[in-house]
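Please look through the model shown here.

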Amino acid sequence: MITVDGLSVAYQGVAVVHDVSFSIAPGRTYGLVGESGSGKTTLGRALGRHLPSGGAVTAGRIEVDGADVLALPPRELRAWRASALAVVHQEAGSALDPTMRVGAQLAEALRIQGRPRGDVTGLLAKVRLPGEVARRYPHQLSGGQQQRVVIAAALAGRPRLLVLDEPTSGLDATVEREILNLIWALRAEIGAAIVLISHDLALVGRLCDDVGVLYAGRLVEEGPAARVLSEPRHPYTRALLDSAPRIGAERAHRGHDVTPLLEVRGLTRAYGKTKVLDDVSLAIGRGEIVGLVGESGSGKTTLARAVAGLGRRGGGAITLDGAELPTEVGRRDPATRRRISMVFQDPDASLNPSHTVRTILTRALGDGGGVAELAALAALEPHLLDVRPSRLSGGQKQRVAIARAFAGRPDLIVCDEPVSALDVSVQAGVLRTLADQQARTGVSYLFISHDLAVVYQLADRVVVMSGGRIVEEGPAERILREPRHPYTIGLLRAAGHEPSQRRRHVH
Amino acid sequence: MKGFLLRRAATVPLTLLGVSLLVFAATELVPGDVARTILGREASQASVTALREQLGLDRPWIQRYADWLGGFLTGDWGESYTLGVPVHDLVLDRLGHSLLLAGVAFALLAPVAVGLGLWAGVRHDRAADRVISVGGLAFGAVPEFVTGVILLVVFAVKLRWFPSGAQAPEGSGPLIVLWHLALPALSLVLLCTGYVARHVRAGTVASVESPYARAAELRGLTRGQVVRRHVLRNSTVPAASALGVQLQFLLGGLVSVELLFTYPGIGALLLQAAVDKDLPVLQAAALVLGLLYMVIVLGADVAYRLLDPRVRLGAVTS
């Protein structure tokens, strides 16, 4: 039995978690939901009494099976961690020592439990990994495999409390589904109280018995998952549910010009012997929003980069208004270059940290005029113009990137996962800005996302890629609600959407 | 790994050819006439011309370069103009002395610098870290001939704890040899420790705060176990390349330190040969040092690959 009673946590005197109380019975799963900054990760770290430096519990108790965790002296704390606690962090890749083989790391976890090295194979089998994985180094595994290894390490003992902190962030929908299924399957066997921390309300709703919603460090709502998701009582929970895009939700129907703006014909790209794009052909109409979906490695980013003139050379042709575009952006003349711009997933990497927002936008405009108007287009508040990107939130940074993309009055903007790193409520605002600007300027988007619901909300047409090929394409409504290709159906199922079978023919 | 070694080894002869050309060109550019320097200002023009012919200096440079390189490769390094002894034996003998000094310095440097860096990194932003970081930087900023002079004055002249010359008498035991080498080695160590320690510290800080260190601690390992099993290796990865760079620096420092402590090493020999315009010695010593340089760089690269499986197994291009 885990009991958290009146817990408050502060960083350097600033309170980030206020008076949080909840309890979890063994074998039950408790979901902690909140957006970034809500204090959910801090809370998760406090449960293992492992706050980053500067952080301290200022009030409250944490009791795990009768042990008062916060009062344990160092030696007993270590013993308690070894025997009763298991933590699975986000980004499994970094939770594994890059210089040690997987087997050695699992053996270490086993040794703490007093178990022999030989149990490594059994541990790997438990998380459905072949024994030969033990000889690999972490970087030789995929993200999903790495997370399985971390889960295996967590299973070395018999934890009473298992903390899963965003265990599937950064993983593909299909892999996420596999990992969650694994956790689900092991749940009964572990018999531990499980805390699942996530920003994804829908995911928590599917997996957890109870849900607690954190907002600004306070638990604003708590209750059985089914109840919280269907009849939220707190306005924040309701807003969170409403801002999450949903397939099948009401979407604006808009017409667009059918004259093709950009045409891609027979595009082929390869890394060594691996074909990442295999004879891909695609057309984007003027003013059309084309959603591009697929798992990582499906070639969607390579395709987007090829359109923008980045990346390596290969076969095929790209034409803009009928005129063929040189493969490399450096060979395109400045006027042509301005017609296609790009918004990247990570604005931290694409905005120069030493320039103010004003400098970034002025440079993009070239002639220097209209910075304020440009910022206004992307709903960027004027007082943010004179700060550097490091002072901005993720959503504000992405708005700067969007404003910059519009600076050259482009005909086409390639958006590569532009909202994937953002919280749901911020995401909703950025998506609205993208839609508004499209309607105002008549620009076309090539919109890449792994989030099918986001694509559903924004795109007119959807293109599904797998293994470097386009496997299905058509109107967003049709593809995402009545998919025909098994791959698309799998993709939708993995994301927790049960596609309608209405128009599928049974042979 | 084998492929990497072969690829790297293949570049060695090519680099050596370039180095030999540079060395030869540099010695060609030494101002003044060699024969005139050897014979002195009083000598007649006729005897100078005769010596030039005898030394082969009247032949075109390309021919002399080819002869010299061929001789170098076959072990015939010529004879010293001023000492009249075979260059081969002279240079290798002096090289041996220098390697001993550099070896002692390095054997002191590596554990001290890595240890200090680890300590500073584990206790980062506390007093010990500040002292190590600032102290290392301060000593690194003072040239080795200045610290050498201070060490010499304090410990050899005033306190008389150490001898002022680095060369132990013929037939001394290893402890006596080490006692003689202590001060020159220390002045080199003081120069290089800060740089290496800072690299190790940076690696340690990153590693201590990494998710894998946190995960290990949450599995119930003690801080000491986490440092020994996870932090140590991850923080020595940057140390390997830093040590390689410092070893090269150390070789450069040999010249002044050997001179200061009257030690018969290759650095002192190089300097003397340059002053005397003793071309065969100068060229051979420079080329040998160049070769040593390449071996060190190669060694550092190999160590880096051994320590970091991501580089070794090709996930990261180095």
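Four strands of chain A form an open sheet in the order E2-E1-E4-E5, with antiparallel pairing. Strands are DSSP runs of E with at least two residues, helices are runs of H or I with at least four, and both are numbered from the N terminus. Two strands pair if DSSP finds at least two bridges between them. This is a predicted model: local features need pLDDT of at least 70, side-chain atom pairs count only at pLDDT 80 or more, and totals for chains, interfaces and linings use all residues. Residues are numbered from 1 along each chain as its sequence is written, while chains are lettered from A and ligands numbered from 1 in the order in which they are written.

Now to a helix. H16(A) covers residues 424-441. Its buried residues include Val426(A), Val430(A) and Leu434(A). A residue is buried if 20 or more other C-beta atoms lie within 10 Å of its own, exposed if 12 or fewer, and partly exposed in between, with C-beta atoms placed from the backbone. After H16(A) comes Gly442(A), with a positive phi near 75 degrees.

Next, the cores. A nonpolar core is a set of buried Ala, Val, Leu, Ile, Met, Phe, Trp, Tyr and Cys residues joined through C-beta atoms within 7 Å.

| Core | Residues | Among its members |
|---|---|---|
| Largest nonpolar core | 150 residues | Leu106(A), Leu161(A), Val195(A), Ala285(B) |
| Another core, apart from it | 72 residues | Val290(A), Leu380(A), Ala407(A), Met465(A) |

The four residues named for the largest core touch the most other members.

Finally, the two chains meet. The contact takes 21 residues from chain B and 23 residues from chain A. Residues are in contact if their C-beta atoms, placed from the backbone, lie within 7 Å. On the chain B side, H9(B) gives the largest share, six residues.

Notes:
Contact = placed C-beta atoms within 7 Å. Expected span 1.5 Å × (residues − 1).
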